[in-house]
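Work through the following exercises with the model open beside you, trying each task before reading its solution.

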Amino acid sequence: MAVFRAFQALRPQPSMAEKIAALPYDVVSRKEAEKIGEENPYSFLHVDRAEIDLGMETDLYAPEVYEKARENLIKMEEQGLLKMDESPCYYIYELTRKNKTQTGIVGCASIDDYQEGIIKKHELTREEKEKDRIRHVDTCDANTGPIYLTCRYTETLNTVIKKWKETQEAVYDFTAEDGVIHRVWVICEEEVLQKIQKEFSGISSLYIADGHHRAASAVKVGLKRREENPGYTGEEEFNYFLSVVFPHEELTILPYNRVVKDLNGLGERAFLGSLKFNFEVMLMPGFPCKPVEKHCMGMYLVGEWYHLKAWEDVYAGKDVVGQLDVSILQERVLSPVLGIKDPRTDDRIRFVGGIRKMTELQEMVDETGGVAFVMYPTSMEDLMQIADEGRLMPPKSTWFEPKLRSGLFIHKLS
């Protein structure tokens, strides 16, 4: 059963929350991060992407980047921008995007639960990205960005959240530049804290929705700290990592689209001909094609949009992973036709979150002469079933929106 406990968050003073809160480090480019940092000296990207303070020539993984992150975090605390709560708390984190609201509980998950499979994964991680966040967490001595978890909430948890929001005042309430409304409440009453912890102890599984690299890195730092402290009791903060747990039915998954730089030496007609063995291919003149059901996808090629619908024998009888549209695309097009054998390492393919406009995909393709595929979103039910079965999705199968902001909650490891 899941361990999810309260903690003393290092967090912004209410008047600074909007200025400090930042998008996750891995959804902004270096150029975007640098621009944000120049315009906002309080942005938490000065911690999560500290290279922005060292110049564009600085290696992203240079030791001084991690030291600068630590220095900036300490400075924010010393200047009073961030302050630690006096006792362990849970935090309610509500995000509203396009009139749809999701509300989760912020706390700390257990590295043992991750190791034992109570916290379930659905993606592989890349070693170089893990190493980066391991060094960042270890040097900063803190989890600076929450892991995005989900589960099947109990009625009691839903009731506790609803009642607290109705009877207490939010400590943060602001609208970010992307239009997402962020609201936070602090739960510090002992009776309520115990009730929440008890409810989580009855939940059999937590699922990583987003943040596989951050989770793996946080766990490895915790294990490293155990080796360095052989007399550890299990109660030390390094045994836990910062997380937000949302009810699965409130989450929104957008598609994770694919753009390939070239056609692997094929001409337009030959490439289109290769698709007809596995898809019904229909030209959609005049407007972008966005799929509206499973086993369909849009495609942009040489200035035209097409609708692809997989023939039934392509997916009939397949297991839940084999029926994913990202699996069909990989097995029937990307690998055999376009030569993308390992999408995790091949630099000819780009993954573009569904938050991006279709015109951006067109521009990418027009620039290189390749092809773009617009996917139908993976469902939460498929994600949870795959995780329950101990299976893995192809890389970049889900894009969750809205993104959690970093800097609103920091979990110090010592």
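**Exercise 1. Find the handedness of the crossing of H7 and H8, then describe their angle and contact.**

Solution. H7 passes H8 in a left-handed crossing, a term used if the near helix is turned anticlockwise from the far one by less than a right angle, with right-handed used if clockwise. The contact, meaning heavy atoms within 4.5 Å, is made by Thr156, Leu157, Val160 and Trp164 of H7 together with Val192, Lys195, Ile196, Glu199 and Phe200 of H8. Sorted by class, these residues are six nonpolar, one polar and two charged. As for the angle, the axes of H7 (residues 155-167) and H8 (residues 190-201) come within 10 Å and cross at roughly 150°. That makes H7 roughly antiparallel to H8, the word for angles over 145 degrees.

Before going on, note that this is a predicted model, in which local features need pLDDT of at least 70 and side-chain atom pairs count only at pLDDT 80 or more, while totals for chains, interfaces and linings use all residues. Residues are numbered from 1 along each chain as its sequence is written, and side-chain values use heavy atoms, with hydrogens and water left out.

**Exercise 2. Describe helix H6, its buried residues and what follows the helix.**

Solution. Begin with the length: H6 (residues 127-140) has 14 residues and reaches 20 Å from its first C-alpha to its last, close to the 20 Å expected at 1.5 Å a residue. The buried residues of H6 pack against helix H3 (45-48), helix H4 (63-78), strand S7 (142-143) and helix H9 (212-228). Finally, aspartate 141 follows H6 and has a positive phi, near 55°.

**Exercise 3. Work out how H6 and H9 are placed relative to each other.**

Solution. The axes of H6 and H9 come within 8 Å and cross at roughly 55°. In handedness, H6 passes H9 in a right-handed crossing. Residues making the contact include Arg133 and Asp138 of H6 and Lys220 and Arg225 of H9, and by class the contact has four nonpolar, two polar and eight charged residues.

**Exercise 4. Where does glutamate 280 lie, and which residues does it touch?**

Solution. Glutamate 280 has its place in strand S15 (residues 279-283). Not counting residues up to four places away in sequence, glutamate 280 touches His307, Leu308, Lys309 and Trp311.

Technical notes
Axes fitted to C-alpha atoms, helices over the stretch in contact; angles between N-to-C directions. Helix = DSSP H or I, 4+ residues; strand = E, 2+ residues; numbered from the N terminus. Parallel < 35°, antiparallel > 145°, perpendicular 65-115°, else oblique. Nonpolar A, V, L, I, M, F, W, Y, C, P; charged D, E, K, R; others polar. Expected span 1.5 Å × (residues − 1). Buried < 20%, exposed > 50% of the residue type's maximum accessible area, 1.4 Å probe, protein only.
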